[in-house]
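Welcome! Take a look at the sequence and the model, then try the exercises below.

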Amino acid sequence: MERRSWAEPYRVKVVEPIRMTTRAEREERIAEAGYNTFLLRSEDVYIDLLTDSGTAAMSDQQWAAMMVGDEAYAGSRSYYRLEEAVRLVYGYEELVPTHQGRGAEHLLSQVLISPGDVVPGNMYFTTTRFHQEYAGGRFVDVIIDEAHDPESLHPFKGNIDLDKLQAVIDTHGADRVPYVSFETNVNMAGGQPASMANIKAVHERCRHYGIPVMLDATRALENAWFIQQREGGYADRSVAEILREVCDHSEGATVSSKKDNLVNIGGFLAVRDPEIARRARTLLVAFEGLQTYGGMAGRDMEALARGIHEMVETDDHVGARVGQVEYLGDLLVKAGVPIVRPVGGHGVFLDARRICSHLAHEHLPAQALAAAIYRDSGVRGMERGIVSAGRDPQTGEHHTPKLELVRLTLPRRVYTQAHMDVTAESIAHVTDEAEQIPGLEFTYEPGELRFFQARFQPLSG
């Protein structure tokens, strides 16, 4: 039977006006922002694909839930509703609420990492690696080689290479590996999932050595969807069941709830070990807030609890979410634009190294391409390449990742397919004229997480 079209599993109830700027306005705005799309004002952006973090449209039920938020400083009933939601959907017994995912990363790193430790993971994420290094550890990439190849069609490019993992354990000793950092739907690889078989195999290997597996489960829902669609034996399982099975093969997880969980702020650390939770809660009180609210208001916890349930109520939600990403990816492939394939779960990643092949790596092709796309249409994406990778803290040299990408990240339940059409047309046009894009150089470079605040200027000549 021929596959039929699908539609979003919701109706639009409230709208927010957006304005299309002129080319002259955009030229001025991006120059004022130092050619860093993070420094643009949102009012100057037409279609905002900078991030899917905290940019989702909340449902009527989530907005209603906020009205019953318990703002008690201690013992909020909203916390206990959130605790129950995490336990039912993710399966972890111990909940430590935080203001967002990086708060959870900080707590986990401070509790488990000692100076000199090494933390294997399936490709770095910017804030995750920062917190691991800040605690005195060193991140070691053990993702499969296919993840570094944007043209590879491997269905599970987020997998951990067991031989690479074993080499880290053999070289440094299991006692210097505080945990394995296992990201679901790997962001920096282009939103690429890990297979259930690999998740199980990694957990079994680590259990042999007494090494905990800690997930970054921020986009575990999308990972569960890809397992259902691509891995044998899961086609008849619900995404909710698959998500729970993914979590069952770990000792804990950090979650930025601003993604899968459909809220604008919030996150948590969830673990099985009461002692890890106790130590994390001690730090929580110092850095975030009391253990029954962390960095969130009661109303935020109510919206989050509802969002956790909502994301797994039916498979239609995540199917439509990933479907819209695939729609944009298909448009770009048909237009001949080089992208990371297969298309990921939360965004489309442009291969800036191929699009801007005239620019040397040190001339920041992805940063330059992101600025060029904004100039053309007001579409805001973000660099995911040498700028995001930062510098080696020991040598001071640039990290030089093999992937030099521009990320176009789709907020959940926000834009229509027509917005995707406009985006694809702009990017195809910019790609056709990519040789005219000038390289960039730093004019201001922060010492840490530089991609957020760095400023640039076009190369002269």
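This is a predicted model: local features need pLDDT of at least 70, side-chain atom pairs count only at pLDDT 80 or more; totals for chains, interfaces and linings use all residues.

Residues are numbered from 1 along each chain as its sequence is written, and side-chain values use heavy atoms, with hydrogens and water left out.

**Exercise 1.** Describe the largest cavity and its lining.

Step 1: On a 1 Å grid over the protein atoms alone, a cavity is a set of points where a 1.4 Å probe fits but cannot get out. A volume is the space filled by probe spheres set on the points, which are joined across faces, edges and corners.
Step 2: Five cavities of 30 Å³ or more are counted, and the largest holds about 100 Å³.
Step 3: Its lining residues (an atom within 4 Å of a point) include Glu8, Tyr10, His317 and Arg413.

**Exercise 2.** Find the cis peptide bond and place its proline.

Step 1: The bond from Arg341 to Pro342 is cis, with omega near -5 degrees.
Step 2: Pro342 sits in the loop between helix H12 (316-334) and strand S9 (347-351). Helices (H or I, at least four residues) and strands (E, at least two) are DSSP runs, numbered from the N terminus.

**Exercise 3.** Is Leu364 buried or exposed?

Step 1: Leu364 lies in the loop between helix H13 (352-355) and helix H14 (365-377), and its phi is near 60 degrees, a positive value in a residue other than glycine.
Step 2: Its relative accessible area is 3%. Buried means under 20% and exposed over 50% (1.4 Å probe, protein chains only), so Leu364 is buried.

Notes:
On a 1 Å grid over the protein atoms alone, a cavity is a set of points where a 1.4 Å probe fits but cannot get out, and a pocket is an open set with protein on both sides within 12 Å along at least five of seven lines; lining residues have an atom within 4 Å of a point.
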